[in-house]
Amino acid sequence: MIRGGTMRLTTKGRFAVTAMIDLALRCSEGPVSLAGISDRQKISLSYLEQLFGKLRRYGLVESVRGPGGGYCLARRTSEMTVTDIIRAVDEPLDATQCGGRENCRDDERCMTHELWTTLNDKMYEFLSSVTLAELVDQQLRKTGGHVAIIQDARRFKPRARTNKSAALTHRTS
């Protein structure tokens, strides 16, 4: 069994990480709508609603109701790891067939159980070392520091951006 439990990287975990990167890239402009994330990332809106409900309960995001509402980060991106995001959406990360119960083959441990358990440890260690801030920085480098901010028609007036890094100033350090 790995530190902190097992993890299985599935579509749910991948979508949650992708959506959190999108949110982090845009949240300095105000709350980010799930519809916007859905459009940009091609993830079903109803699926995002489920994921963000879990992310909110885990304390990674905050919701803002009303006109111009949406989601904001609840913590700095440097304080959130990929493991936090995956755990928040109830995803176990587990390469074993048995879920760590050691009953892989007819209620006995299979010959490769130790291999898959070690892989679990390595995945956990790696994903725990990657912060949301690092993933956001990677995206900014890919785009030359430009992030398309799609203004929500419900907002009263858009905020002026002073420089390229303004998007991350209050949440990434």
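Reader: Among contacts in the protein chain with a separation of 6 or more, what percentage is accounted for by residues 24 or more positions apart?

Author: The model is a predicted one. The contacts considered in the protein chain are those with a separation of 6 or more, and the share coming from residues 24 or more positions apart is 73%.

Reader: In which order do helices and strands follow one another along the protein chain?

Author: The protein chain contains six helices and two strands. Read along the sequence, their pattern is α-α-α-β-β-α-α-α.

Reader: Which element gives the largest share of the largest nonpolar core?

Author: The largest nonpolar core has 34 residues, and those with the most contacts inside it are Met20, Leu23, Phe52, Leu55 and Leu132. Two or more residues each are given by helix 1, helix 2 (34–41), helix 3, strand 2 (70–73), helix 4 (82–88) and helix 6 (132–142). With eight residues, the largest share comes from helix 1.

Reader: Leaving aside neighbours within four places in sequence, which residues are in contact with Leu132?

Author: Leu132 is one of the residues with the most contacts inside the largest core. Leaving aside neighbours within four places in sequence, its contacts are Met20, Ile21, Ala24, Leu73, Thr77, Met80 and Ile85.

Reader: How are the rings of Phe15 and Tyr47 arranged, stacked or edge-to-face?

Author: The whole structure holds two aromatic pairs. The ring centres of Phe15 and Tyr47 are 5.8 Å apart and the planes stand at 85 degrees. An angle over 60 degrees counts as edge-to-face. The pair formed by Phe15 and Tyr47 is therefore edge-to-face.

Reader: How many residues apart in sequence are the parts that this pair ties together?

Author: Phe15 lies in helix 1 (residues 11–26), whereas Tyr47 lies in helix 3 (residues 45–57). The pair therefore ties together parts whose separation in sequence is 32 residues.

Reader: Is Tyr47 buried or partly exposed?

Author: Buried means under 20% relative accessible area. The relative accessibility of Tyr47 is 24%, so this residue counts as partly exposed.

Reader: What accessible area do Leu115, Trp116 and Leu119 have together?

Author: Leu119 has its place in helix 5 (residues 113–129), and at 35% relative accessibility Leu119 counts as partly exposed. With Leu115 and Trp116, Leu119 forms a nonpolar surface patch, and their accessible area together is about 260 Å².

Key:
Residues are numbered from 1 along each chain as its sequence is written. This is a predicted model: local features need pLDDT of at least 70, side-chain atom pairs count only at pLDDT 80 or more; totals for chains, interfaces and linings use all residues. Side-chain values use heavy atoms; hydrogens and water are left out. Helices (H or I, at least four residues) and strands (E, at least two) are DSSP runs, numbered from the N terminus. Contact means heavy atoms within 4.5 Å. Rings of Phe, Tyr and Trp (its six-membered ring) pair if their centres lie within 6.5 Å; planes under 30 degrees apart count as stacked, over 60 as edge-to-face and the rest as tilted. Buried means under 20% relative accessible area, exposed over 50%, partly exposed in between (1.4 Å probe, protein chains only). Patches are made of residues with over 30% relative accessible area and no salt bridge: like charges are joined within 9 Å, nonpolar side chains (Val, Leu, Ile, Met, Phe, Trp, Tyr) within 5 Å. Accessible areas come from the Shrake-Rupley method with a 1.4 Å probe; for residues, only the protein chains shown count as cover. A salt bridge is a side-chain nitrogen of Lys or Arg within 4 Å of a carboxyl oxygen of Asp or Glu. A nonpolar core is a set of buried Ala, Val, Leu, Ile, Met, Phe, Trp, Tyr and Cys residues joined through side-chain atoms within 4.5 Å.
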